[in-house]
Amino acid sequence: FNARLVSNTPEDDDQDFGLTVPLIPSDVSSGQKDFYSISPSSSYNKELPGPLAPAPVAIIPSPSTTEQQDQIQQKPPFSDEDDDKVIAAETTTDGSIHYAYIVVIASEASYQSRRNLIRSNYFGLHDNLIPCMRYNTDVYYTFWIHGNPPPSNTPERRRYETEKMEWNDMVEMPNDVPFEQETVLEWVENTLKPTRRIEYDYLIVQDIETFLQLHAIKRELDAGVIGEYSNMPYVVSMDQPLNLIWGSFLGNDDDRQAFIIGSDAAQLVMNKRDHIQQQFAVSRHLLTNTYTYYRAVSGVLKAETDAFLVPEEAVEEQGRLIPEFIREDRLGETQRFIRWENNVESVHIEDHVISRVYQDKDFLDLARWTSLRPVPTCARHYYSSDRPNDRDPASIAVVTSSYIYDNCMEPSATLAAENKRHYALQHGYSFVARSPEFEQQLVKHRKIVWGKIDVVEKLLPKYRWLFWMDMDAVVMDPGRSVEALLEKLSESTNNNNYDLVIARPHQDKMINAGVFLIRNSRWSLQFLRDVQDTMSWYNKGPSFEQGAMAEVINRPENQNHVLLLDGDNQTFNTLPKLYIPNVSFVVHFAPDKCPNDAVLKGLQAADILQQGGFVSSLDEE
């Protein structure tokens, strides 16, 4: 493969922008004496040279025989022996979580299919049945949503809200915040780090139409050698490995489509941002302007540190003051950051960033062509029936619907899901919101609400207990755990062999299936099958799936497996008019009309309670 040349410091580059520039007095510091600063000059060229012609790329011929193909597969240029090792995130002494990598994918709201491809191919997240509740490996990722959200009261908006409920990996920027290097860095340094108490080593940023060989990038940064298998590998400084900026610095859109920056370099850039943007604004890209700045001042910084410090201290100070720039835009050299040329054959093993990939099919082809390996972001829970434990929080999932089938619940659905997610996080449970099982009822010719049974049947084998709550149910007292509830029910009934816990509120004629607990057991799985087979309830209102559950529950052979909370209004399924302060656990807003307004009021009341306030009653309208 072609080699790549990089420079340790910008002044080593042979491309000169002809700048005479001001030096910030704080650029160099010493305990021995003050350093001089360069006076500002009014004459310097702010223009960057035009885009460089891409380096010629040689097409690697395909092996002519199967034997040769096998040899290539057996001798890859990168070792895979450490691929399956998962490194845990570290908790620092101040309680912050330290990740080796933060991956930020800038995306407009409409790119839902591409986000799904990235989840699957970058991180191995093919579905949310066993979700990442906490990012507990050395990689944290998020989709940085910019631009306007889809219009309200549209199918696009409902799909977008559904995605937010199911994945919880999207952060939305205000409409007036564009995707730029500066805005992403500002958000990471000033919002993500302090609000979520996150620290990191390297920040990897890409736009949604870029493809990264993320696994290879991570491997090389972990090893401290970039381009290890090329003729001219670049060795990251052992003394200042995080004072690094890797990307393109041409001043065009390629600069923001992908870039990598170490945490030390990010802080350095943000500290000097105002001066750089005022005095060196050769483009709208902050890191390109930063590169221009250091091309101008790094020689002076080196000379002054050499003059006033002993050699070892001078080298250390220079490593702190001057970021290392790894350029991917040099004329006549192999570039690891390339543009998509509409065929995978033009992509080589060293091409870690391919931008302008507009088609999802091309993205998938690139993932296959490069043998992209997912980078895990969490160690997910996997329940084993060989080791049952009713009291293990990891074996419990809080489950709800994320399917918004009309305009009714569009404003409140995501907020209601967050209420349940926070409850699950507080107790170490999984939280699963599902929509496909509801959507498929159109094909199964059943009422949409039957999706609940399909969801429970899909999830139950993966957990010990499922705590189902309808979309319009709100947790009012999140301090109560499922384990404590089960223990209390066992003691009060002198029975711990039940598989289904469900209530029939005092004024209801039959059970209310808006909230219930179900255990992973042979009986439960057969119960769900029997419910599925009650075809007479498929479209029989108003009860639908609830009527089918009641019919199967009332069969004599099922009585001993069901704990029916008959006439119970408070255990976990309380109507808003029956709410009692400090007693009610989950309030189920289920009026005859759209419950959206009532749910929003209930969520507001739940927030008041969380903040230590008092709520005496709830409005069901």
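On the H7 side the contact (heavy atoms within 4.5 Å) is made by Leu268, Val269 and Met270, and on the H9 side by Leu286, Leu287, Thr290 and Tyr294. By class, that makes six nonpolar residues, one polar and no charged ones. For this sorting, Ala, Val, Leu, Ile, Met, Phe, Trp, Tyr, Cys and Pro are nonpolar, Asp, Glu, Lys and Arg are charged, and the others, Gly among them, are polar.

## The model as a whole

A quick word on the basis: this is a predicted model, in which local features need pLDDT of at least 70 and side-chain atom pairs count only at pLDDT 80 or more, while totals for chains, interfaces and linings use all residues. Residues are numbered from 1 along each chain as its sequence is written, and side-chain values use heavy atoms, with hydrogens and water left out.

The protein chain has 19 helices and 21 strands; these are DSSP runs numbered from the N terminus, with helices (H or I) of at least four residues and strands (E) of at least two. Of its 621 residues, 55% count as buried, meaning under 20% relative accessible area with a 1.4 Å probe and protein chains only, whereas exposed means over 50% and partly exposed lies in between. Among contacts with a separation of 6 or more, 76% join residues 24 or more positions apart.

## H2 beside H3

Helix H2 (residues 112-123) and helix H3 (residues 155-167) pack at about 20 degrees, with their axes 11 Å apart, and are therefore roughly parallel to each other. Gln112, Arg115, Asn116 and Arg119 of H2 meet Arg159, Tyr160, Glu163 and Trp167 of H3. These residues divide into two nonpolar, two polar and four charged.

Asn148 is exposed, with a relative accessible area of 57%. Leaving aside neighbours within four places in sequence, Asn148 is in contact with Ala109 and Asn175. The C-alpha atoms of Asn148 and Ala109 are separated by 7.3 Å, although the two are 39 residues apart along the chain. With Asn175, the Asn148 side chain makes a side-chain polar contact at 3.3 Å; such a contact is a pair of N or O atoms within 3.5 Å, where within protein one must be able to donate a hydrogen and the other to accept it, and residues adjacent in sequence count only if both atoms are side-chain atoms.

## The loop from H17 to H18

Thr534 sits in the loop between helix H17 (522-532) and helix H18 (545-553). Thr534 is buried, with a relative accessible area of 5%. A polar atom of its side chain lies 2.6 Å from the backbone oxygen of Val531. Not counting residues up to four places away in sequence, Thr534 touches Trp450, Ala548, Glu551, Val552 and Arg555.

Pro542 is in this loop as well, and the peptide bond from Gly541 to Pro542 is cis, with omega near 5 degrees.

Technical notes. Axes fitted to C-alpha atoms, helices over the stretch in contact; angles between N-to-C directions. Parallel < 35°, antiparallel > 145°, perpendicular 65-115°, else oblique.
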